[in-house]
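Let's take a walk through this fold together. Have the model open beside you and follow along.

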Amino acid sequence: MRVYCAQIAQVWNDPAIAFTRAEEAALHAVGEGADLVLFSEQYATGWRSSADVGLPGFSGAEVKARWCSLAKEHRVAVAGSYAREVPSMLPQNVMLVAGPDGNVLAEYAKMHLFTPGGEDLRYSAGTEPVCFSYGGVKFGCAICFDLRFPELFRAYLHAGCACVLVQAAWPAARVADWELLLRARALENRGFVAGCGCLGYDSGCGVDYSGRSLVCDYEGRIVADAGVFEGGCCA
């Protein structure tokens, strides 16, 4: 099983351009022999806790459909994300995993919202961990702030997961925490952790994202590192 973390310079509020770049990343990942391609948190639109979650003419359902189409076109599993509409509630920040046939393998709603940034005012929290199996490997799902809550990762250990996928929009100012926590979650649970981080400067919020997508093994060692430039890493 080879997981590719697609570290692409973020484009905010322009899904058309974002998916054009995602197509290029998927094509490259397949060339690298990847079985699954992991994208950063809310990559299609760019993550902002205080921004509107819907875009005119480009609903969450349409973003979901584009991820499934991308997976089917390139015959590779894709872990993307979208804002899922929920009746009588705020939307949910969801990791979507689509298989090579374009069918949904898993949908995980972020359980721990980033309340310091006001995410809880725009989104509804998920209520349970989500696992899925693909290519003989059992995976768990996590999103950004979830990384600071070890009990979620321990639940995946007890569920028999060999690897946890983490999507994030993790600010450069706290990138040391990002590396430390990815390695710690892997080591303490004796499993692999793959984290894909946002890259770029958000002029709308004044936040810089440095990428640092990583794959860590069961001893907490970094086995793949995308650094701070556009590209990605595979392990």
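What follows goes from the sheet to the helices and ends at a single serine. Keep in mind that this is a predicted model.

Six strands make up an open sheet, ordered 5-4-3-2-1-14, with mixed pairing. Its edges are strand 5 (104-109) and strand 14 (231-234), each of which pairs on one side only. Ignoring direction, neighbouring strands here are turned by 25° against each other on average.

Now bring in helix 2. This helix lies across strand 3 (77-84), strand 4 and strand 5, and runs at about 175° to strand 3. Helix 2 also packs with helix 1 (residues 15-31), at an angle of about 30° and with the axes 10 Å apart. Angles under 35 degrees count as roughly parallel, so helix 1 is roughly parallel to helix 2. Their crossing is right-handed. Helix 1 brings Phe-19, Ala-22, Glu-23, Ala-26, Leu-27 and Val-30 to the contact, while helix 2 brings Val-63, Arg-66, Trp-67, Leu-70, Glu-73 and His-74. Sorted by class, that's eight nonpolar, one polar and three charged residues.

Last stop: Ser-40, in the loop between strand 2 (36-38) and helix 2 (60-74). Is Ser-40 buried or exposed? Its relative accessibility is 2%, so Ser-40 counts as buried. Leaving aside residues up to four places away in sequence, Ser-40 touches Gln-10, Ser-81, Gln-167, Ala-168, Cys-196, Gly-197 and Cys-198.

Technical notes
Residues numbered from 1 in each chain as written. Predicted model: local features only at pLDDT ≥ 70, side-chain atom pairs only at ≥ 80, totals over all residues. Heavy atoms only, no water. Helix = DSSP H or I, 4+ residues; strand = E, 2+ residues; numbered from the N terminus. Buried < 20%, exposed > 50% of the residue type's maximum accessible area, 1.4 Å probe, protein only. Contact = heavy atoms within 4.5 Å. Axes fitted to C-alpha atoms, helices over the stretch in contact; angles between N-to-C directions. Parallel < 35°, antiparallel > 145°, perpendicular 65-115°, else oblique. Left-handed = near helix turned anticlockwise from the far one by under 90°. Nonpolar A, V, L, I, M, F, W, Y, C, P; charged D, E, K, R; others polar. Pairing = 2+ DSSP bridges.
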